[in-house]
Amino acid sequence: MIWPIDLAILTLVVIAGIGALMVKDLLGAAILFGAYSFMMCLLWSIMGAVDVAFTEASVGAGVSTVFFVAAVFRTSRRTKD
Amino acid sequence: MKIIGLIITVVTGALLIYAAADFPAWSDPASPASTYLSPHFIEKTMEETSVPNIVTAVLADYRGFDTMFETTVIFSAGVVCFFLLRISRREEEEPETRYYRHVLTGVTIQLKEGYKMPPSADFERIDAVWTPPDLIIKTGCRILIPFVQLFALYVIAHGHHSPGGGFQGGVILGASVILLAISHDLRTAVRRMSEKLIGILCAVGVFIYAGTGALCLLLKQNFLDYSALAGVLHVDPITARSHGILIVEIGVGIAVLATMIWIYNNISSAGRYRQGL
Amino acid sequence: MSEQYPALLVIVPLLSALVVSVAGWVNKRWCFPIAVAALSVSAWSSVGLLFRVLNEGVIVYKLGGWSPPMGIAYYIDYLNGLVLPVVSIVALLNLISSKRTVEQQFPDKTGPFYTLYVLMVTGLLGIVVTGDAFNLYVLLEIASLTGYGLLAMGEERAPLATLNYLYMGTIGACFYLLGIGYLYIVTGSLNMVDIARLLPPLYQSKAVLAAFIICMVGVWLKMAFFPLHAWLPNAYTFANSASSSLIAPLVTKVMVYVMIRLMLTIFTPKFVFNTLAVHDAVVWLAVIAIAMGAVLALKERNLKKMLTYIVVAEVGYMVGGAWLGNRAGLTGAVLHIVNDALMTLCVFLVVGNIVYKIKGYAFGDLKGLFAKMPFTMGAFVIGALSIIGVPPTCGFFSKWYLILGAIQAHQYGFMVALLFSSLINVVLFFRVFEIGFYEPFSDHEGHEHHPAVMAEAPLTMLVPLYVVAISLILVGLYTGDIVNHIVQFVIPKGFM
Amino acid sequence: MTDLISMVVAKYNYWIYITLMMIGLYAMIAKNNLVKKIVGMNIFQTAIILFYVSIGVKKGATIPILEHGHGPNAHHVVHAVDYINPLPHVLMLTAIVVGVATLGVALALAIRIYNNYNTLEEDEILAQVREK
């Protein structure tokens, strides 16, 4: 395991997670959530959980983000927090 | 609410940090989790099931019962989304305003109160909220989709030897149809895979899994004991386990494929299939 | 065939849920008979299993032919042997009774409704029968997801109430999952019996303590134990009556079963009552739960919501009884799982009948109901007497054991809370009787009809209701046999 | 002090998981927007998955796919220390699936609520409910 990469990804995971919750636009939150999932997937593949990482890449970063975007499209992008 | 949330969060976090002190060191090969059950799986999987990918073997055989219910969870999510969102057929058959666009000139025609236009090559039906078609996106996706689907089939079939399996492959297959719906429109995707087909495929996928288990039951073995299939498949019991895993992975793939499209269709159109994302 | 009962119990409903779902697309009329047939098979196998447990003791069924702890196994002992028939029979009776309501409320969606219904019963039966801690989580999620779907179809406020339930339920299930992860990291096993075998040397570990607390909080969230009950009343009140009369009797009771299973099988009473010694605090929490449930129920002017607060109070009975840590208390708690499932089913079926005929359940809608629906209200009286705890109905006997346990454990606060809540229940139900009996019937425009015309619910709704009402009395009369032949074997050694 | 630092360094994955879980839990309780709560719920679930995956990691081991499974070199002796613990991975595949299923149901409910009240802010919805 290469620790600088590891540390960089861990930091990005936390930043993306907080960003998804802070941003004042639901579409932005959905996309940041996709980024969060993808960083998580990288983290797991570093840890050797290849099957889990593969699933997270297709489900978390792929289909979940699409669901979010579709739901935001059907409702509203507006948010107060 | 914010203060209560903060208090609950801090208390939970403190409890978890307090407990983490007694964990075995991280990545320690001598921790109980690594020495109790997992050596059996790692060392015996090959001789007991003949599947090199240990995760696949444990997923679909040793803990196959979990995976069957995992597929059922996805299936029930699909049914719930349909149940909650889908507008009933009677309501949808009310006369609607249709929009048609002349392909060459771009003139839009509005037909009220259920009038239809006879199918012709000059006019295409469009949504009320219409965005101009992007040639690059449409063509790009049309080229991409077959390759995505080919890759998905590879992922399902090669799950015994490499990361992947029914679930990941099914999601990718579903995503290819969702891509079609996004790049064109929902109506195009629904024309390719009708709602009824999707609804039946979901159930069929889970049925393949549970039915394989029930077949083992009928062949006088315990539920999901694939070695019972040896007589049916004309192979030895260990290879029968490997084949049994492949069969259930295909079932998972079908169920997940259909459910992902189903959930997407219902969410993106809020239950009215006439217009979606 | 009888050695395959444990598999049939869960597999038959699962397979038929899939068939029902396909039938919903082909011909809707087949859905209901298939669902009834499936749940009848489950009920039959669960009763068969109970008799096998009585004759042979604990049954172990290995799924996939892998012996535990490698694979997943079912363990059926006296505790889940008793709970299984209750779950399957309650679900079957409610299914038959709610046929008309479902056709009235979702004419287009009967297929998905019955699919979700049968899947939910599959999940609940699986939770009760499984011997694997992680398998329990997966089945819990099936039961919850289908439950969200069923509850959200109702009045205008139902989706919001259900979404709140979904947040709370997800936190609860995730806490349970996390607790199992903590146990896995220190023991390396997921099988309940195996974890119990590996745990004793680790009782002083902080990780085990945290695992216990997290699991308990998760399960309490799911069963709506005070102060984590906030999601329950709205979610159950605004749902359609067919779903609420399935979910209100079963979900909280099954979660109480999971709590008792965690306490007795995974963590063992030695850890819970000797190493931890927090049972006094939990019993006091149960006292507050009962008192708050009763007081909040008193405040409601709406029959269904009043009943949901009674459900919250009843959860307090069972949690308190289980945490008293003695023979009588645990007997009372286990008996109350059975009794409360039947009592709650009885009163919620009555609400279902009233909603079917009157289209309302506020106190104002109940005027003159004894004249209008005498048979329905007759069953309501039996259910109400049982909840109050009048002998010979079954509610009296479980309450008797609970009070006995409270006295033996010197928990007089719990005893007072039980008596107080019985008193409040008397007030609650007699207020409803009074409105139903003395006030003249009036329709929504306020025109008084005198005398009210009898408009009883159809026979398909009345027969299951009366089966439940009579079983309330029968279970009460045979309480002694149930305790002597089944419940006393649930009590672990060393309980006084 | 050095003890503390070495403990922090040795288990840093666990600290990250606890941080993410706290973020998710706080968002689920304190956020006002329904979709934001759903994002928080997903972060909460992924944090638990991260915890499980961290259990499985083993120093000096490779991914849990046997080399030379079939072919001439098959049936050589497999040593457990060479491969990562596969069991948590299996469990977490299931948990990811449960997560996406819950997400679908939650979004469907959010759309239903939006259709009823025309907003996703919880306080605005409650204000509308109180008015009626």
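Q: In chain B, what share of the contacts with a separation of 6 or more joins residues 24 or more positions apart?
A: This is a predicted model, in which local features need pLDDT of at least 70, side-chain atom pairs count only at pLDDT 80 or more, and totals for chains, interfaces and linings use all residues. Residues are numbered from 1 along each chain as its sequence is written, and chains are lettered from A and ligands numbered from 1 in the order in which they are written. Two residues are in contact if their C-beta atoms, placed from the backbone, lie within 7 Å. For residues 24 or more positions apart in chain B, the share is 64%.

Q: Which helix of chain B gives the most to the side that touches chain C?
A: The contact takes 49 residues from chain C and 50 residues from chain B. Helices are DSSP runs (H or I, at least four residues), numbered from the N terminus. Among the helices that each supply at least two residues to this side are α1 (2-20) and α10 (195-218) of chain B. With 14 residues, the one that gives the most is α5(B).

Q: How many residues on the side of chain B that touches chain C are nonpolar?
A: Ala, Val, Leu, Ile, Met, Phe, Trp, Tyr, Cys and Pro count as nonpolar, Asp, Glu, Lys and Arg as charged, and the others, Gly among them, as polar. This side has nine charged and eleven polar residues. The nonpolar residues number 30.
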